[in-house]
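Here is a model to look over together.

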Amino acid sequence: MQMQTVSQRLALLRQRMALRGLDACVVVTDDFHGSEYVGDHFKTRAYLSGFTGSAGTLLVLAEEAYLWTDGRYFLQAERQLTGSGIALMRAGQPGVPTLSAFLAERLPEGGALGFDGRTVSTKLHRTLEKALADKHVRMDGGFDPAEGVWSDRPSLSAAPVWAFDSGVTRREKLALLRQDMAARDAAYLLLTDLTDAAWTLELRGGDVACTPVFLGFLLLSREEAILCAQAESFPEDIRRQLAADGVALRPYGDIYALLETLSAGTRVMADSATANARIAGCLAHTEWLDADSPASRRKAVKSAGEQEGFRRAHVQDGAAMCRFLYHMKTHPEDYTELSAAALLHRCRAAQPEFREDSFPAIVAYGAHGAVVHYEPTEETDVPLQRHGLLLVDSGGHYRCGTTDVTRTVALGEVTAQERRMSTLVLRGHIWLAMARFPRGVMGENLDALARMPLWEQGLDYDHGTGHGVGCVLSVHESPPSFRWRFVEGIPHPALEEGMLLSDEPGYYEAGAFGIRHENLLLVQPAEQERFLRFETLTLAPFDRDALDVSLLTAEERTWLNDYHRRVYDTLSPLLEPEVAAWLRDVTQEL
């Protein structure tokens, strides 16, 4: 994207701002639902700024422009913003103000701030409103910064919706949510999170990259259900099934008028974490019960059918991973980071139930591995060589389940320090996987198990140990997680049978290498009454060439040997002879 073009686009935006009497305009990255990934229609911030990272907020003033992003994207933003006239604001760094603090200082008394209230979250809107109250700033949430500027803006996606079978029917799920409504004395429940609506209706779609969902809002009363979505996405048979189950289909944009017509004082249950600012405005006359979505809590506990689907998906994914790892171990010099990522996608795409990647693959060689959320691009791509570590974090959506797996691979000679750290990280991974714990324990209570081998050396990693995983939904699903920090405003549920979480401790040396080992763990009943344990679903060998086996305890060796035996026994019948022979060698007992 040429910087002159960015300058021209900002000039057009400023003309529109002036006509509307705006002193500033905020452009966020979100869609109308606060989704982790967004469709092309919603990439206004990238279009206006030239910065294509997945996280960032653009602020445009009459003469200046600024872009806030986090440490994952500092280097990319520096490169892409060069010559654009947009100043980079390195969020979280000393001396860098927050967006709200900056606006409070720069906007004039009685000024006006414009934004698209459909894409700005309720949380951000409330933060800005509070910060700017003393200056009596007018908040104009009806301003779409793309309108009149982005002439060839892609249309809203309307990919075909398809049926999913979790083993729990749509009617049963609607009844469960109405029980939750009754418990809170709510007349209505509004589901704004796309994965909540898809889970409730036993449907999947293709409107968001890496997340098989459809654009829609679901409004439930005690007797009725209204789905505001794009009718053209729904095949006739699915429309008939929805109608038979009491779900009426209305146009996507009708949700705002529907909410405005609710009777004053009506008790409406909705989650501000995913309800946009315009939704909040439409609920202003109601009694808004701002609460965590009951669908979010319920979908975190996988049904028996979903659990079986996850197991089936992981067998297919394990076969794909073995083929990929075989190539990385035998011919690494034939690949770059990008071509290795393409190979991994092809390996998955060859599986019978594969739908799409569950997130853009992280294929990070050498020093790139120290960047936790690195994603190779044409600018950063490097060739692989027969030495050093390759960190590969990837996953897939299959018709039956979702995967997320990380392996750290020795492409050849590695240092003693790299082997030592890889082994310490694996020890923490194993400790968490082996845990037995009483019912009522939260993920926060177990996080230290994965960190302890590093903590004993005065070391740590600066990310959570694990996240929940949706069933052919979002690969990063809340609320379950492993982390030691208690984050205000985020639920901290006890772990329950059927919850699925990632186990991914890591270690990173800036400018040198990165290590992460990840499997998915399914919470199951333990042998002891009132206790729980984990079932490891992921099937892929850990690279023993990256380990110092002398650092493993006897119990850890037993776990690793048992795991590798299961990997070989399950996957070898599915593999080509040369890959099966390689797998036999790399899973030999220690």
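The buried residues of H7 are Leu194, Thr195, Asp196, Ala197, Ala198, Trp199, Thr200 and Leu201; buried means under 20% relative accessible area with a 1.4 Å probe, protein chains only. This is a predicted model, where local features need pLDDT of at least 70, side-chain atom pairs count only at pLDDT 80 or more, and totals for chains, interfaces and linings use all residues. Residues are numbered from 1 along each chain as its sequence is written, and side-chain values use heavy atoms, leaving out hydrogens and water.

Biologist: Which residue takes a positive phi just after H7?

Modeller: Helices (H or I, at least four residues) and strands (E, at least two) are DSSP runs, numbered from the N terminus. H7 spans residues 194–201. Just after H7, a positive phi of about 55 degrees belongs to glutamate 202.

Biologist: Which strands stand at the edges of the open sheet?

Modeller: The sheet has 6 strands in the order E4-E3-E2-E1-E5-E6, with mixed pairing; two strands pair if DSSP finds at least two bridges between them. A strand with a single partner has one side left without a neighbour in the sheet, so the edges are E4 (86–90) and E6 (138–140).

Technical notes:
Buried < 20%, exposed > 50% of the residue type's maximum accessible area, 1.4 Å probe, protein only.
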